[in-house]
Each structure stands twice: as structure tokens, then as C-alpha cells.
There are 2 protein chains.
Amino acid sequence: MSGGALARVAVDDEGKDAVTAESFRAAVLAAGLLVPGEVDGVYGRSARYEAVADAVERWSFALGDDEGAEPLRFPPVLARAAFERTGYLASFPHLMGSVHSFDGDDAAHAALTEAAESGRAWATGLAPTELMLCSSACHALYPTCTGTLPPEGRRFRVTSWCFRHEPSTELTRMQAFRMTEHVYVGDPEGADASRRRWLERGFEALLALGLPARPEAANDPFFGRTGRFLARTQRDEELKVEIVVPVHDDRPPVAVASSNLHRDHFGVTFAITSADGEPAHSTCFGFGVDRLVLALLRHHGLDAADWPTAVRDRLWP
Amino acid sequence: MSGGALARVAVDDEGKDAVTAESFRAAVLAAGLLVPGEVDGVYGRSARYEAVADAVERWSFALGDDEGAEPLRFPPVLARAAFERTGYLASFPHLMGSVHSFDGDDAAHAALTEAAESGRAWATGLAPTELMLCSSACHALYPTCTGTLPPEGRRFRVTSWCFRHEPSTELTRMQAFRMTEHVYVGDPEGADASRRRWLERGFEALLALGLPARPEAANDPFFGRTGRFLARTQRDEELKVEIVVPVHDDRPPVAVASSNLHRDHFGVTFAITSADGEPAHSTCFGFGVDRLVLALLRHHGLDAADWPTAVRDRLWP
């Protein structure tokens with residue numbers, strides 16, 4: 001299927017060819033929107049793709065303009081000490097990216113390059129650095145909140161490149177992707193109110209982009225046997241709600257936004273205290289920037305110039 | 001020294017207090033432009049900092065508008081297979097970031113979390129993934145150029161978050177930073193012409209931003225004993241020229257741009273052939289986006305609203 005054919009299908013696909021994960025990938029790559037590399041889930045981005053990604057990022061930040069939330073961009077790496085306190089290691093070890101480097105001498109270096117030149121494994125002996133790849137945009141935030149919060153709590157908007165080690169040819173499952181999040185840290189009532197407000201606001205904003213979005217109770221992809229128990233608990237206690245959009249006709253819909261109630265998890269581990277002296281509660285509402293770009297391309301066509309005016313007006317106000 | 005005091009010093013610092021690496025850092029952090037974390041050289045970015053960084057990135061890309069170069073943004077991770085061919089492992093092993101993850105079972109996971117909870121080293125046994133942190137924005141580009149080039153060669157503008165493992169409290173020496181590059185791949189004459197043009201263009205553009213820039217023959221920070229020889233050769237053959245700007249009065253000036261002539265290094269290793277059938281030559285001219293932001297803050301003051309109109313007009317045309 002050519003990019004042109006898909007562009008038409010994507011604009012109005014009722015009764016037309018199915019858009020599968022494979023055909024969507026082929027069309028997006030053929031249109032030059034993304035440039036594949038040697039590893040699945042890692043793509044170069046064209047100017048046309050980036051114009052939409054930048055707009056989505058600005059749009060998702062601007063949704064919180066009335067809250068006066070502090071905006072912050074974090075780099076793609078995160079302090080290992082912070083990562084260790086997030087609980088990620090227990091829950092998602094298979095998705096993490098740990099940054100290792102070389103700290104040896106000339107002789108060790110000679111052995112390293114000799115191994116690499118012989119095609120042998122050369123990286124196993126590298127030393128872990130003090131850094132991890134960023135697991136979630138808000139993980140870099142909590143260490144900066146340690147201490148006592150004001151009575152109204154604190155609100156942030158954060159953005160970062162994030163990493164998940166899950167090589168896949170599905171475009172919507174990238175290993176390196178951008179995420180924006182609206183975060184509240186404060187007391188339990190404030191966290192609950194923020195969560196409800198953002199679920200409603202995020203859902204309506206996604207509908208206004210012309211996306212067939214719907215909320216869905218969800219759970220994180222916890223690792224292993226214990227993980228199955230954690231996933232069930234998370235669902236039973238309704239701690240995670242995703243907003244999903246169908247992208248591939250042959251796959252389940254894709255989460256483009258996610259609401260998480262952390263209770264006092266980050267408050268306890270990062271020593272953040274609400275004004276009443278209790279461990280702070282927190283909640284975040286995140287948008288997957290790259291997934292949103294792909295959902296928009298799927299539903300409105302591969303050329304953003306042809307998108308409905310109502311959608312363009314929201315993304316480029 | 002307060003941010004206000006430095007802002008004044010930075011606007012007109014003749015005969016005033018010296019701006020040291022330490023006082024500059026203190027002022028930038030006190031002004032809330034960057035948010036320090038638990039690891040030196042890794043900072044959260046405020047909206048005010050990002051407004052300048054975005055402008056610098058756009059400005060550096062727009063300098064190549066007349067060339068019609070293909071624009072691409074790469075993610076912060078790079079295929080290990082591509083990294084292995086760049087020569088980085090031989091030259092800069094101490095600066096690399098190798099991405100490792102967990103690929104074990106439930107029992108291995110229990111041992112991993114037990115080690116972490118006991119405060120023992122837990123990351124040494126992780127498995128290297130197929131990814132590295134991006135060593136240079138152009139490194140992700142060359143694998144996409146494999147094959148035969150058109151007679152005029154190819155031109156690109158690329159941008160990426162890059163990583164260098166060199167923890168430092170100097171703000172101008174970040175571990176995670178953004179880089180934009182103008183790249184030519186083609187024949188030796190084209191590479192030489194592109195290199196000369198970009199050195200002149202980049203130098204003049206930096207002067208026009210009101211920065212006391214000057215070009216300087218340079219060498220890369222090659223590792224070890226062999227590295228000292230490589231550095232001397234690089235200087236003798238004039239393969240690297242940096243454009244430097246003084247930022248800290250107590251430190252050498254900082255490279256904010258760098259011109260590199262690779263000869264046929266990437267052509268050979270990535271099987272890129274020029275139209276005449278020879279291994280392609282390449283050259284890149286890179287801007288350090290974060291270093292440029294810091295140089296602008298140092299020379300024009302911490303509040304971009306107060307910068308000279310001529311500078312603002314170039315950054316926000």
C-alpha cells in the first residue's frame with residue numbers, strides 16, 4: 001500500500017482496506033515521516049513528523065495553563081539513586097535502561113577494543129554509571145520535591161525522552177519516545193481532585209482532536225509472578241486509567257494517555273511531606289507524544305496540511 | 001552573588017567581579033534556570049531556559065536554509081552496531097554510555113531486587129542491549145546513507161540529545177546535552193568546500209549573536225596513550241576546528257561549535273560511496289545547544305527579555 005493510499009484510508013476508512021500494524025508502518029516509513037534504523041523501535045524523525053510532535057507537546061502543556069503548573073524539561077537520563085527509589089526495579093526490570101561506561105586503564109582498553117574487533121561481547125565488563133535512562137518523565141521530578149509542601153501542594157508539567165526496552169516493529173511501541181505529564185504532589189484530597197480533573201480534561205481534549213478515544217481501567221506491565229498479583233491489585237483499586245485510541249485494525253487500541261494515582265508511594269520514598277506533616281500523595285496524567293502523533297496520522301491522514309481545520313486550530317492555535 | 005548581581009555583571013562585566021565557573025553556576029541555579037539533580041552534569045530545564053534552547057536550535061537549523069539540507073531529529077539512543085563502527089570505542093571509551101537491561105527470570109529478579117534493597121551493587125550483571133546512548137548527533141545518520149550518493153552528495157541537518165560520561169559541576173560540561181549538526185557526505189572537494197563554508201558561516205553567525213567567539217585549532221579528548229598520538233595527528237592535519245567563547249573567567253574558553261573533517265572514515269565504515277565509486281568523504285559542523293544557551297546567558301544576562309534587540313531579533317526572527 002502506498003503512502004497516498006493510506007493517507008486516503010486514514011481520512012475515511014469505513015469499509016476500506018484494513019490498516020494493520022504492518023501496513024501502517026510501511027506507509028509511515030514510505031512517506032518518509034520516520035526513518036528506521038538498525039534496531040526496532042528507534043527511529044529518526046523527519047521535519048514533518050517533528051512539526052506535529054512539537055505541536056502535540058505544546059498542546060499537551062497548554063492544557064494546564066490555568067493551573068499555573070511549573071514547567072520543566074528533563075534530560076533523557078535520570079540519577080540511578082532516584083531510579084532506585086521509584087520501585088521500577090521491582091516492577092519493570094525488563095524495561096529499564098541502565099547506563100554503563102568504561103573506567104579502566106590502557107591495558108583494559110586494549111582488551112576492550114580487541115574483543116570488539118574480534119566480534120566478541122565487549123560490553124559485559126563495563127561499569128554501571130550513576131545514571132539510568134529516564135523511565136518516566138515524572139521520576140526526575142520527585143527528588144526535587146523532598147521536604148514540606150505548601151498547603152495547596154505543588155503542580156508541575158514535565159516533559160522528557162523516556163526509554164523502555166521492548167524492541168517491536170509496531171510504530172506505537174517505540175523504545176525511545178517523548179512523554180509529557182501533569183503532576184500534582186500534595187494531600188490525598190488534592191491528588192484525587194487533580195486525578196479526576198485531568199482524566200476528564202485529557203479525555204475531552206483528545207476527543208476535540210478528532211480521535212476516537214475512550215477511557216479504560218488498566219494495569220502496568222509488571223514483571224513476573226509477583227507482577228501478576230500487582231497488576232490485579234492495581235486494577236482492583238483503580239489506580240491506573242488509560243485513554244486508548246485504535247490505531248491498528250489488527251491490534252488492541254493504544255494508550256495515548258495514562259492517569260496514575262500513586263497514593264503516598266513517592267511521598268514516602270522521596271521524603272515529601274504535605275503541609276499537615278503526612279507523607280505526600282501524588283498523581284500524574286501523562287500523554288505519549290509519539291503515540292499521539294501516530295494516532296493523529298492514522299485518523300486524519302499522513303499529511304498534516306490536510307487535517308480538519310478544527311484539529312489544526314487546536315494543535316496550531 | 002545573587003542572580004540579579006550576575007545579570008548585571010553579565011551585561012557589562014568590564015572591571016566588575018570575575019564570573020567564575022562557581023559563581024556562574026550559583027547564579028544560574030539561583031535564578032531557577034536549571035534545576036540540579038543528584039548527579040553532576042544532569043539538570044532539569046526551566047521554561048525560561050528552554051525558550052532560549054528552542055530558539056538556539058531553530059536558529060542553528062535555519063542557518064542552513066539555503067542548502068536545502070534534509071532535517072532529522074534522532075532519539076537519544078543509537079544502535080550499538082552503528083556505534084561500533086564509528087570508532088568511538090577506540091577513541092573515547094571513557095565517555096560512552098552503554099545501555100544495559102535485565103533479561104532474567106523470576107529467580108534472577110528476586111536476587112536483583114534483594115541486592116538493591118541491601119544496598120549492594122545490582123547492575124553489574126545486567127545484559128548489554130542493542131543500544132548505546134547517542135555519542136554524537138551525526139552518528140545515527142551515517143547508517144542511513146549506506147549505498148551510492150548522487151553526484152552533488154547529500155546534506156543533512158540533524159539534532160539529538162547526546163551523552164558524555166564526564167560528571168562535572170561546570171555548567172558548560174553537561175553529561176546530557178543537545179547538539180545540532182550540518183553534515184555533508186560526498187566527494188573530497190565537496191567536503192572541503194562545505195567545511196570552509198560552515199566554519200565561516202558559523203563564526204559570523206556567532207559574532208552576530210554578540211558572542212566574543214574565535215576559531216581555534218583543536219583536538220578531541222582521545223583516551224589513553226594511543227590517544228595522545230591521535231590528538232597530535234588530528235591537530236597536525238587540521239581535522240578539527242572549534243569556535244570557542246569565554247564563559248568562565250577562571251577557565252579556558254568553551255567550544256560552542258566544532259568543525260570536523262572525517263575524510264573517508266565514515267564512508268569506509270558505513271559503505272557510503274560517492275558518485276565516482278570511491279568511499280565518500282564527510283564533514284560536520286556542530287553547535288552545542290546547551291553551551292550556546294549558557295554563553296548567551298553569560299554575555300547578555302540571565303533574563304533573555306533584556307538581551308540586545310539585535311540578538312533577540314536573530315534568535316526570535
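In chain A, helix α3 meets helix α10 through Y49(A), V52(A), A53(A), V56(A) and E57(A) on one side and V289(A), D290(A), L292(A), V293(A) and L296(A) on the other. Here, contact means that the C-beta atoms of two residues, placed from the backbone, lie within 7 Å. Helices (H or I, at least four residues) and strands (E, at least two) are DSSP runs, numbered from the N terminus. By class, the residues of this contact divide into 8 nonpolar, no polar and 2 charged. Ala, Val, Leu, Ile, Met, Phe, Trp, Tyr, Cys and Pro count as nonpolar; Asp, Glu, Lys and Arg count as charged; the others, Gly among them, count as polar.

How do the two helices lie? α3(A) covers residues 47-62 and α10(A) covers residues 289-300; they pack at about 120 degrees, with axes 9 Å apart. Axes are lines fitted to C-alpha atoms, for helices over the stretch in contact, and angles run from 0 to 180 degrees between N-to-C directions. The crossing of α3(A) past α10(A) is right-handed. A crossing is left-handed if the near helix is turned anticlockwise from the far one by less than a right angle, and right-handed if clockwise.

This is a predicted model: local features need pLDDT of at least 70, side-chain atom pairs count only at pLDDT 80 or more, and totals for chains, interfaces and linings use all residues. Residues are numbered from 1 along each chain as its sequence is written, while chains are lettered from A and ligands numbered from 1 in the order in which they are written. The pLDDT is the predictor's confidence in each residue, from 0 to 100. Chain A has a mean pLDDT of 94, and 95% of its residues reach 70 or more. Residues 1-13 of chain A stay under 50; the model has 30 contacts for them beyond four places in sequence. Where pLDDT is low, the predicted coordinates should not be read in detail. The model scores ipTM 0.94 and pTM 0.94.

Chain B has its own helix pair. The axes of α3(B) and α10(B) (residues 289-300) come within 9 Å and cross at roughly 120 degrees. α3(B) passes α10(B) in a right-handed crossing. The contact has 8 nonpolar, no polar and 2 charged residues.

Now look at where the chains touch. In chain A, 57 residues are in contact with 57 residues of chain B. The chain A side has 32 nonpolar, 16 polar and 9 charged residues.

Strands also link the chains. Two strands pair if DSSP finds at least two bridges between them. Strand β2 (residues 43-46) of chain A runs antiparallel to strand β3 (residues 70-73) of chain B, joined by 2 bridges. R45(A) stands opposite R73(B), and S46(A) stands opposite L72(B). The strands β3(A) and β2(B) (residues 43-46) are also antiparallel, with 2 bridges. There, R45(B) is the bridge partner of R73(A). Within chain A, β3(A) pairs in the parallel sense with β8(A) (residues 154-163) over 4 bridges. One partner pair is E70(A) and F156(A).

Follow the strands across an open sheet. Its 9 strands run in the order β1(A)-β2(A)-β3(B)-β8(B)-β9(B)-β14(B)-β12(B)-β11(B)-β10(B), with mixed pairing. β1 (34-36) of chain A and β10 (214-217) of chain B stand at the edges; each has a single partner strand, so one side of each is left without a neighbour in the sheet. Neighbouring strands are turned by 25 degrees against each other on average, direction ignored. Helix α3 (residues 47-62) of chain B packs on this sheet. This helix touches β3, β8, β9 and β14 of chain B, and its direction makes about 5 degrees with that of β9(B).

Another open sheet has 6 strands, in the order β4(A)-β6(A)-β5(A)-β5(B)-β6(B)-β4(B), and its pairing is antiparallel. Its edge strands are β4 (77-79) of chain A and β4 (77-79) of chain B, each pairing on one side only. The twist averages 50 degrees from one strand to the next. Inside chain B, β5(B) (residues 98-101) and β6(B) (residues 127-133) are joined by 3 bridges. H100(B) has P128(B) as its bridge partner there.

Finally, consider the domains of chain A. Their bounds come from an automatic or database domain assignment. Domain 1 takes 3-97 + 135-315, and domain 2 takes 102-130. Their C-alpha centres lie 36 Å apart.
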